[in-house]
Amino acid sequence: MSIDSSTTLYCLIGNPIDKSLSPLIHNEMFRIFGKNSIYLAFNIEENKLRDVIDGFKAINVKGFNVTIPFKKTIIRYLDGLSPEAEILGAVNTVKNQDGKLIGYNTDGEGFYKTLRNNDIDVKDKNILLLGAGGAAYGIGITLSTKGIKSIYIANRTREKAVNLEKEIKKINPNISTSIGDLSLREINKKDIDIIINATSIGMYPLENLSPIELNGFDKKTIVYDIVYKPRETKLIKEANLRGFKAINGLSMLLEQAILSQKVWFNLDEKFLEKAKKVEGLLLVYVE
Ligand code: ATR
């Protein structure tokens with residue numbers, strides 16, 4: 001890639017960002033799509049967020065991603081939100097549309113796309129969602145628009161699970177919901193079709209832990225761990241040993257990045273398929 005006076009800038013803002021794979025993924029996608037653009041990551045202090053956004057507008061940054069801890073706080077500096085970002089109350093992608101910054105959220109749809117890629121239909125399924133943080137919100141709320149039958153939210157902090165349950169009920173009161181902690185004491189494990197780990201348990205520095213044990217679940221249970229580093233978490237290892245279908249977080253990471261590119265460049269699905277090549281590159285970075 002050669003940088004010239006027409007090169008457009010995209011970036012990531014967050015804190016910390018030093019372990020982020022986004023620059024690698026997006027710069028590779030620009031190369032694949034033949035875009036004269038570069039992607040940089042910026043570690044931002046919260047009290048500088050307004051200055052950063054004003055600066056982005058002033059120099060006409062075309063788009064950016066937002067990560068922890070700014071996915072919610074960024075909203076007050078934006079000029080508009082997509083319906084998904086509005087419902088989730090969180091933004092991970094921003095597009096500069098003729099000087100106006102519009103916030104999107106591709107987390108939930110990125111997750112859902114990976115289910116479809118794996119031929120998994122969530123209609124009438126019973127979901128066990130582990131976690132009630134930002135990622136769990138995106139997943140839980142997206143699933144509640146896709147015809148699931150029930151969702152059990154298991155989280156260390158009960159209050160957060162209660163809040164997520166309320167949001168899901170608002171979207172679809174017909175979904176049967178219940179909450180508990182990660183001990184899963186009150187759950188009928190045999191009924192669960194899909195387990196989704198949206199906690200950070202299994203990810204460095206908790207890589208020697210698993211959020212739950214898999215004994216008691218049916219063999220047909222699908223285990224989806226959104227952690228992608230390490231590639232094989234303890235949970236995924238146990239799922240493989242038991243012969244359950246297991247999916248790790250790498251494809252979700254990729255799909256939500258592809259959806260960010262779709263927002264920025266209005267690319268169609270066929271074109272976006274080419275971006276899957278990036279997965280090979282990522283495997284080198286994710287042991
Ligand atoms: P993200 O945006 O990645 O979802 P987050 O909002 O901080 O990050 O959420 C992290 C999730 O992992 C939460 O569900 C958190 O549980 P709490 O709501 O109780 O904080 C869960 N989590 C992280 N570390 C945990 C641990 N050691 N034990 C149990 N749950 C943990």
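Seven aromatic pairs turn up in a search of the whole structure; rings of Phe, Tyr and Trp (its six-membered ring) pair if their centres lie within 6.5 Å. This is a predicted model, where local features need pLDDT of at least 70 and side-chain atom pairs count only at pLDDT 80 or more, while totals for chains, interfaces and linings use all residues. Residues are numbered from 1 along each chain as its sequence is written, and side-chain values use heavy atoms, leaving out hydrogens and water.

**Tyr10 and Phe30**
- These two rings have centres 5.4 Å apart and planes at 50°, so the pair is tilted (planes under 30 degrees apart count as stacked, over 60 as edge-to-face and the rest as tilted).
- Tyr10 belongs to strand E1 (residues 8–14) and Phe30 to helix H1 (residues 22–33), so their pair ties together parts 20 residues apart in sequence.
- Helices (H or I, at least four residues) and strands (E, at least two) are DSSP runs, numbered from the N terminus.
- Both Tyr10 and Phe30 are buried (under 20% relative accessible area, with a 1.4 Å probe and protein chains only).

**Tyr39 and Trp264**
- Here is another tilted pair, with 6.3 Å centre to centre and 45° between the planes of Tyr39 and Trp264.
- Tyr39 sits in strand E2 (residues 37–43) and Trp264 in helix H8 (residues 250–265), so the pair ties together parts 225 residues apart in sequence.
- Tyr39 counts as buried because its relative accessibility is 2%, and Trp264 counts as buried at 6%.

**The cluster**
- Ring pairs join Tyr10, Phe30, Tyr39, Trp264 and Phe265 into a cluster.

Technical notes. Buried means under 20% relative accessible area, exposed over 50%, partly exposed in between (1.4 Å probe, protein chains only).
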